[in-house]
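Morning, everyone. I'll take you through one model. Have a look at it, then we'll go residue by residue.

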Amino acid sequence: MAVTDFTPTYKQPHFLPSQLSSLSTRLYTTRSRALRPFPRRNNARVCCSVAPNQVQVPVAPSVGKKGECYGVFCLTYDLKAAEETKSWKSLINIAVSGAAGMISNHLLFKIQQWLSSSQLASGEVFGPDQPIALKLLGSERSFQALEGVAMELEDSLYPLLREVSIGIDPYDLFQDAEWALLIGAKPRGPGMERAGLLDINGQIFAEQGKALNAVASRNVKVIVVGNPCNTNALICMKNAPNIPAKNFHALTRLDENRAKCQLALKAGVFYDKVSNMTIWGNHSTTQVPDFLNARIMGLPVKDVIKDSKWLEKDFTEDVQKRGGVLIKKWGRSSGASTAVSIVDAIRSLVTPTREGDWFSTGVYTNGNPYGIAEDIVFSMPCRSKGDGDYELVKDVLIDDFLHERIKKSEAELLAEKRCVAHLTGEGNAYCDLPGDTMLPGEQ
Ligand SMILES: NC(=O)C1=CN([C@@H]2O[C@H](COP(=O)(O)OP(=O)(O)OC[C@H]3O[C@@H](n4cnc5c(N)ncnc54)[C@H](OP(=O)(O)O)[C@@H]3O)[C@@H](O)[C@H]2O)C=CC1
Ligand SMILES: O=C([O-])CC(=O)C(=O)O
């Protein structure tokens, strides 16, 4: 693997060889925009260069009152920049909100494994020569837990993890972000109206949209996971007018994966035999798992599974409500499988889609070829050339059943949009949500 190219040319007597890969990694903590205890990345490498064979004493940065760093992340070594990265791509900044939460706790460690896995050696994802910086956004409430997350990252000795920052201010954490994985959101509590949830979470995503607009990379890709994710993605997008609307996604990949699994189970095949799986619409119980266009072993699903009643009722409802069934069994919502689906969603954007296949993601509807209302975030079938961008798949069938279901999910999203008009710059909010509107996890 190319990471071995990084082996420094000098000896470091006090540290294990495995630690050398993290030598230029450091952790920054930021609690507010006013307080920046450590230098920013572009001027962080302040120390002198070391000649080959010269031993350098590690320098621990001074610890600010509100910011602390840990062990190996606090050590600032300086390697000649050219030696450090001669075979590496430039650092990618990945921002993660809700970073002390359950999904994130799975995700952060998966991203690392994924980056350093053998799949990567074949160039399938970012590449084995792709160092990353993690910017972990939490709150006052979760700050200690964030420190715990950082400690676990430290103990994992990931060779491609070069920087870790933790903080509570999105304007700090989203600086130069090329990916923003927005997971943090308030869960719907007992007795809380959905309109209330839309408002509380909408405020979070409006603020984060503004922060992305101000400081993130101009081509940042944003994946909104926190529920209700489609409308949160719309709010985030509307508050970030300088970032292309196309770059905002609502995560429906978990629903796609769930649908593939159910079809495989029914057909008695392994799930890699299921392709062309579209989830249409909202990440809610109105979502439409499309068995008309999906394929099993390359054949239309209906040629393999002849039981139309099962497809229209059991399959559809099982996928729509899978999250809730899992919560009843597990006592908490899907953490690991959501994290896996976030990685799948990123991978689908950074690797070319297999010929003839596609994937689902919630994206902006403007210009869509299916007649879906404009100006909402709706899950649709997409293909990518692997450049982070995507195009909508044009050649799909839509029959009466599918059309009727799509319209129901569309109506729900239009109603959600009216509820958050005050957060999207479209005047006064008016909330007339359909009574049966539910997240997949609610039942
Ligand atoms: N799209 C999808 O497929 C799926 C989406 N989800 C959604 O993902 C989200 C996160 O789930 P999960 O990680 O399990 O949840 P957790 O409760 O474990 O973590 C969520 C994080 O959100 C933050 N949070 C909680 N309340 C607030 C608030 N009022 N304001 C700002 N942030 C808050 C907390 O971070 P802090 O204390 O730092 O603020 C918390 O760490 C949920 O909205 C869930 O519904 C879940 C499964 C699938
Ligand atoms: O409702 C939730 O929080 C969980 C969820 O989105 C899912 O399982 O799909």
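**Starting from one asparagine**

Take Asn293 first: beyond its neighbours within four places in sequence, Asn293 is in contact with Asn276, Thr278, Val396 and Leu397. In contact means that the C-beta atoms, placed from the backbone, lie within 7 Å.

Before going on, the ground rules. This is a predicted model, where local features need pLDDT of at least 70, side-chain atom pairs count only at pLDDT 80 or more, and totals for chains, interfaces and linings use all residues. Residues are numbered from 1 along each chain as its sequence is written, while chains are lettered from A and ligands numbered from 1 in the order in which they are written.

Back to Asn293. Where does Asn293 lie? In the loop between strand 10 (288–290) and strand 11 (295–296). Strands are DSSP runs of E, at least two residues; helices are runs of H or I, at least four; both are numbered from the N terminus. Is Asn293 buried or exposed? Buried, because 21 other C-beta atoms lie within 10 Å. The cut-offs: buried is 20 or more other C-beta atoms within 10 Å of the residue's own, exposed is 12 or fewer, partly exposed is in between, with C-beta atoms placed from the backbone. Cys229 is 64 residues from Asn293 in sequence and 25 Å away in space, C-alpha to C-alpha.

Now Ile327, in helix 12 (residues 308–330). Ile327 has 16 other C-beta atoms within 10 Å, so Ile327 is partly exposed. Its C-alpha is 9.9 Å from that of Pro440, 113 residues apart along the chain.

Next, helix 13, residues 336–350. Its 15 residues reach 21 Å from first C-alpha to last, close to the 21 Å expected at 1.5 Å a residue; the expected span is 1.5 Å times one less than the number of residues. Buried residues in helix 13 include Thr338, Ile342 and Leu349.

On to ligand 1. Which residues come nearest? Of the 27 around ligand 1, they are Gly98, Gly101, Gly138, Ser139 and Ser142. A residue counts as near if its C-beta atom, placed from the backbone, lies within 6 Å. Helix 4 (residues 102–115) gives the most to this shell, three residues. Domain 1 (2–177) and domain 2 (253–335 + 344–424) each supply at least three; those bounds come from an automatic or database domain assignment.

Finally, the whole protein chain. There are 15 helices and 15 strands. Buried residues make up 44% of the 443.

Technical notes. Two residues are in contact if their C-beta atoms, placed from the backbone, lie within 7 Å.
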